[in-house]
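Here are my notes on the model, as numbered points. Please keep the structure open while reading.

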Amino acid sequence: MPDTGAQRVLRKEDNRFLTGRGHYTDDFNRQGQAFGVFVRSEMAHARIKSIDTSQAEQAPGVVAVFTGKDMEADGVGSLPCGWTVTDKHGNPHKAPPHWPLARDRVRYVGDHVAFVVAETDAQARDAAELVEVDYEPLDAVVETGKALNGPQVHDEAPDNLCFDWEIGDKQATDDAFAKADRVSKIELVNNRLIPNAIEPRAAIGEYDPGTDEYTLYSTSQNPHLLRLILCAFVLNLPEHKVRVVAPDVGGGFGSKIYCYAEETVCVWASKKLNGRPIKWLATRTEAFQADAHGRDHITTAEMAMDKDGKFLGMRVDTLANLGAYLSNFATAVPTYLYGTLLAGQYKTPAIHGNVKAVFTNTAPVDAYRGAGRPEATYVVERLVERCARDMNMDPAEIRRRNFVQPDEFPYQTPVALTYDSGQYELALDEALKMIDYPNFAQRRQESERKGKLRGIGFSAYIEACGIAPSQVVGALGAGVGLWESAQVRFNATGSISVFTGSHSHGQGHETTFAQMVADKFGTDYNNVDIVHGDTGRIPMGMGTYGSRSLAVGGSAILRACDKVVEKGKKIAAHMLEASVDDIEFDSGTFRVAGTDKTKSIGEIAFAAYVPHDFPQDVEPGLDETAFYDPANFTYPSGVHIAEIEIDPDTGETEIADWVAVDDFGRVINPMIVEGQVHGGIAQGVGQALLENAVYDPDSGQLVTGSYQDYTMPRADDLPSFRVGMTETPCPHNPVGAKGCGEAGAIAAPAALMNAITDALGTEEIQMPATREKVWRLAQQRLAPAAE
């Protein structure tokens, strides 16, 4: 049998993805289904005086038109925020209601006003145009920096403040600054991003009046959590009566974790129509307007240093935009997923972070690839680069001087986390070697001879993944436990079915998990089937986000495998007429210790289902379930270095080279991991150079509401990334994995912006560093030389 552990095995799922045979949510159709279309607010902020649906109801093919009053009459609940943040005065965050269909006011362009159901999608869209909404316009605020003094978004949140939260020791940090030899300061904007999955969000809601059961087909990264929220908080349904199916969903990046209004309305409306299935598919315009956005911070950060460039203290003040309503994890992103990472890879003795989170008349903001960790890394690594320049030190040297050292783990940071393992300097050294750092000055001179500006930028990131110990996150306000479950079943003929609560939306779980299980049992990985994404087949799960699939989901699978082995030992002991304590298992074979008496795991599996002579104390079957709750977060880390060349005549930033050296702990399939890194860097490059969600400050309209205006990176915007790895196994999970899905998106913006500011000789530029911005600054830099 092949050992597929840590091998570059081609992805099993790519056969269907690359041949057009994937089964995406929109590929599903139910008999007799109708089609739903949402009437969305065209105003950023307005009071709803009345909604006239009479013309729409008479339109051809229309089955029904629903408004917020219909859902209110049925007692449908508000969409909840699942994480309670306690502010620095001990008060819970402000939590205004978020109704699936607006009841009295709309609060952003794209807010849900009514739902039109018709025989065809085209008829529903035509009828939606006939719904007349009488609005009383209200003043709106869309800019993060003006939210605290802007028009009131919710009556329940004075000054639009959701919470004022802090982390770290303020007095110790102030003391560190008082004794500093040098203080560096930087002001940063972390631009708002709009997720763009291959398949837009979609849903089919179906109610069976005969059984009183509901089925929801959804583009969800977390079908079990979606079921939980629908049942417990919004529709008040028994969980065993609701099945959520999340098939191939065409990418998620965080934006498909949440319980949105659309899925909720489809499920509820199907029952109102006596069980007629209702299908909804978002247009790209809807996706831009109403999918949860990401990032959107304004930050001031300072670092206190001694005369040798040793960090003494760090102060960070951040204003975080949460949008018009709280999405499921919105409050956790700028707090526990951000403030706790402000130590970076460094031994900064005192840190204080303060975060004010505000409501605005914009789409809700929630977790997007990395979720808080990219924002933290951007602050830390831009500030560290600024420190190096202020101290006239090499940027690699100032990092090396302040790194947590390998013999200092476990390392308690001043911002709550305890890092478990890492070799930060090793990754830096490898990255410097790969990029040929000693000869950078020569390459810069060559660029200058061509009239170009060359720069180099570092990003030494760390993230907290494998989210997380349930006991810890519960104490921090999480409304759910963050374990994972798995069931491993040997079938009678020796094939293996693995049922996992993790969800794959493009990451390659069907290959990676199969490799891991095959390696454990010494069998062919093609004989392992990974089942996910259906609450009707997998009883429990917590989904995929935060790079938790292998570290948490994989650990649950390994635990279930261990139980299978233990059960197999009992069967082998019976078959080999030996004591259970004398049975050993290795590479797919059960052996009586010290003898040549063996049984293969295939023989054991077959016997498990043909137990003709089993003793009473041995149960038939070879099918085990395990739950795994991590003991700590995992801490992937690494160093990315970007080298760029700017053409001052055009403002074009060409990425000349990019090296990434990451430590993800144990790696199962290096090729899949490298693909994850490549994709993440591409998203980070998009944020740094191109992407930006822009609302018009006067009208509140989303200006970047299409691909013509919101610039996604294309293949010709990206170089061939060079990826290296170090490996420091995670010491507290059985896989040894740390997680790799978000690293590129976390590291890339800081590396690229540090390179651009290095080339331009100024840090007065914010993301995205568009050609126009870069051109203006390049002209300013060259102007004195030309005069």
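**Notes on the sheet, the cores and the aromatic pairs**

1. Start with the open sheet. Its 7 strands run in the order β3-β5-β1-β12-β9-β10-β11, with mixed pairing. The edge positions go to β3 (62-67) and β11 (242-245). Each has a single partner strand, so one side of each is left without a neighbour in the sheet. On average, neighbouring strands are turned by 20° against each other, direction ignored. Bear in mind that this is a predicted model.

2. Now look at one pairing inside the sheet. Strand β1 (residues 34-40) pairs with strand β5 (residues 112-118) in the antiparallel sense, over 6 bridges. Here Arg-40 stands opposite His-112 in β5.

3. Two helices to check against the sheet. Helix α4 (residues 121-128) packs on the sheet and touches β1, β3, β5 and β12 (278-281). The direction of α4 makes about 25° with that of β1. Helix α7 (residues 261-272) also packs on the sheet. The strands that α7 touches are β1, β3, β5, β9 (202-208), β10 (213-218) and β12. Its direction makes about 30° with that of β9.

4. Is Thr-67 buried or exposed? Its relative accessibility is 12%, so Thr-67 counts as buried; the cut-off for buried is under 20%. Leaving out residues up to four places away in sequence, Thr-67 touches Ile-51, Thr-53, Leu-101, Val-113 and Ala-114.

5. An unreviewed entry lists residues 19-139 as "domain: Aldehyde oxidase/xanthine dehydrogenase a/b hammerhead". Over residues 19-139, the chain is 16% helix and 29% strand. The end C-alpha atoms of that stretch are 51 Å apart.

6. Next, the nonpolar cores. Which residues have the most contacts inside the largest one? They are Phe-115, Trp-658 and Leu-752, in a core of 159 residues. Helix α18 (residues 743-760) gives the largest share of this core, 12 residues.

7. Not counting residues up to four places away in sequence, Phe-115 touches Gly-36, Val-37, Phe-38, Ala-64, Val-65, Phe-66 and Leu-101, along with Val-265, Cys-266, Ala-269 and Ile-278.

8. Aromatic pairs come next. A search of the whole structure finds 26 of them. In one, the ring centres of Tyr-108 and Tyr-325 are 6.2 Å apart and the planes are at 70°, so the pair is edge-to-face. Tyr-108 lies in the loop between β4 (105-106) and β5, and Tyr-325 in the loop between β14 (311-321) and β15 (350-358). The pair therefore ties together parts that are 217 residues apart in sequence. Tyr-108 and Tyr-325 are both buried.

9. Last, a second pair. The rings of Phe-409 and Tyr-424 have centres 5.7 Å apart and planes at 85°, so this pair is edge-to-face. Phe-409 sits in the loop between α10 (395-402) and β16 (411-412), and Tyr-424 in helix α11 (residues 424-435), 15 residues apart. Phe-409 counts as buried at 15% relative accessibility. Tyr-424 is buried too, with a relative accessible area of 1%.

Terms used: Residues numbered from 1 in each chain as written. Predicted model: local features only at pLDDT ≥ 70, side-chain atom pairs only at ≥ 80, totals over all residues. Heavy atoms only, no water. UniProt positions renumbered as here; feature names shortened; annotations may be inferred. Helix = DSSP H or I, 4+ residues; strand = E, 2+ residues; numbered from the N terminus. Pairing = 2+ DSSP bridges. Axes fitted to C-alpha atoms, helices over the stretch in contact; angles between N-to-C directions. Contact = heavy atoms within 4.5 Å. Core = buried A, V, L, I, M, F, W, Y, C linked by side-chain atoms within 4.5 Å. Buried < 20%, exposed > 50% of the residue type's maximum accessible area, 1.4 Å probe, protein only. Phe/Tyr/Trp six-rings, centres within 6.5 Å; stacked < 30°, edge-to-face > 60°.
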